[in-house]
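The entries follow in the order in which I looked things up.

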Amino acid sequence: MRSREGLHARLRAATDPAHRALEASLDWQARVATLGGYRDLLGRLYGFHAVWESAIGSGLADEPFLAPRRRLALLAADLVHLGLQPGAVAALPRPAAPVLRGPAAATGALYVLEGSTLGGQLIGRHIAGLHGFSDAGLAYYRAHGPAAGAMWAAFRTRLDAFGDDPAAEAALTGAAVSTFAAMRAWLCPVPELPAAA
């Protein structure tokens with residue numbers, strides 16, 4: 001029998017390179033330094049969440065667990081606060097939809113989205129200080145607010161259920177790595193090549 005603590009440690013280790021690559025490429029402090037940059041980042045996040053939350057919902061098939069973890073509506077509220085019309089929000093570009101076959105893969109993808117709520121608390125405080133926001137405009141990064149720790153603990157309990165099944169763990173880990181990579185590809189701009197002389 002594998003230790004439950006071991007699953008989270010193995011998952012964290014397996015996703016670490018992809019997680020670090022995303023953080024290095026994202027350069028979130030530079031992106032949120034202006035309101036326009038912040039709005040653009042939220043717009044990309046909206047597109048990502050629009051397709052990934054839907055795919056996670058299909059694979060997980062447990063809406064009572066997922067519903068309080070959905071953040072698409074929070075992103076929409078922030079974008080409207082920053083001046084986008086609801087129709088413009090709904091029309092924002094989206095990446096290709098992933099296919100998450102079953103609860104293990106869906107949980108792996110959710111690990112990435114749910115884990116971002118913890119770091120999001122720090123980012124939210126930074127943006128609040130930078131742009132003078134209180135609550136409006138920060139719904140996405142404030143997400144679970146004071147309940148963030150409890151929500152993460154509940155997610156870890158769900159994660160533990162896969163600790164004794166190597167095939168499920170492989171599906172979960174693969175989906176988590178793929179989600180980090182997909183998020184990096186969608187959120188992080190590719191530097192333009194210099195024009196030919």
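**Entry 1: α7 and α9**

I found that Thr107, Leu110, Tyr111, Glu114, Gly115, Leu118 and Gln121 of α7 meet Ala148, Met151, Trp152, Phe155 and Leu159 of α9, where contact means heavy atoms within 4.5 Å. I sorted the residues of this contact into 8 nonpolar, 3 polar and 1 charged. For these classes, Ala, Val, Leu, Ile, Met, Phe, Trp, Tyr, Cys and Pro count as nonpolar, Asp, Glu, Lys and Arg as charged, and the others, Gly among them, as polar.

The model is predicted: local features need pLDDT of at least 70, side-chain atom pairs count only at pLDDT 80 or more, and totals for chains, interfaces and linings use all residues. Residues are numbered from 1 along each chain as its sequence is written, and side-chain values use heavy atoms, with hydrogens and water left out.

I noted that α7 packs with helix α9 (residues 148–160) at an angle of about 160°, their axes 10 Å apart. Helices are DSSP runs (H or I, at least four residues), numbered from the N terminus. Axes are lines fitted to C-alpha atoms over the stretch in contact, and angles run from 0 to 180 degrees between N-to-C directions. α7 and α9 are therefore roughly antiparallel (over 145 degrees). α7 passes α9 in a left-handed crossing, that is, the near helix is turned anticlockwise from the far one by less than a right angle, whereas clockwise is right-handed.

**Entry 2: α3 and its partners**

I next took helix α3 (residues 35–60) and helix α5 (residues 72–81), whose axes come within 9 Å and cross at roughly 155°. That makes α3 roughly antiparallel to α5. The crossing of α3 with α5 is left-handed. The contact residues of α3 with α5 comprise 9 nonpolar, 2 polar and 3 charged.

I then turned to α10: the axes of α3 and α10 come within 10 Å and cross at roughly 145°. Here α3 passes α10 in a right-handed crossing. Among the residues in contact are Phe48 and Trp52 of α3 and Met183 and Trp186 of α10.

**Entry 3: the largest pocket**

I recorded a volume of about 610 Å³ for the largest pocket. A pocket is an open set of points on a 1 Å grid where a 1.4 Å probe fits, with protein on both sides within 12 Å along at least five of seven lines; lining residues have an atom within 4 Å of a point. Of its 25 lining residues, His19, Glu23, Gly115, Ser116 and Gly119 are the closest to the centre. α7 gives the most to the lining, with 9 residues.

Notes. Helices (H or I, at least four residues) and strands (E, at least two) are DSSP runs, numbered from the N terminus. Angles under 35 degrees count as roughly parallel, over 145 as roughly antiparallel, 65 to 115 as roughly perpendicular and the rest as oblique. Grid points are joined across faces, edges and corners, and a volume is the space filled by probe spheres set on the points.
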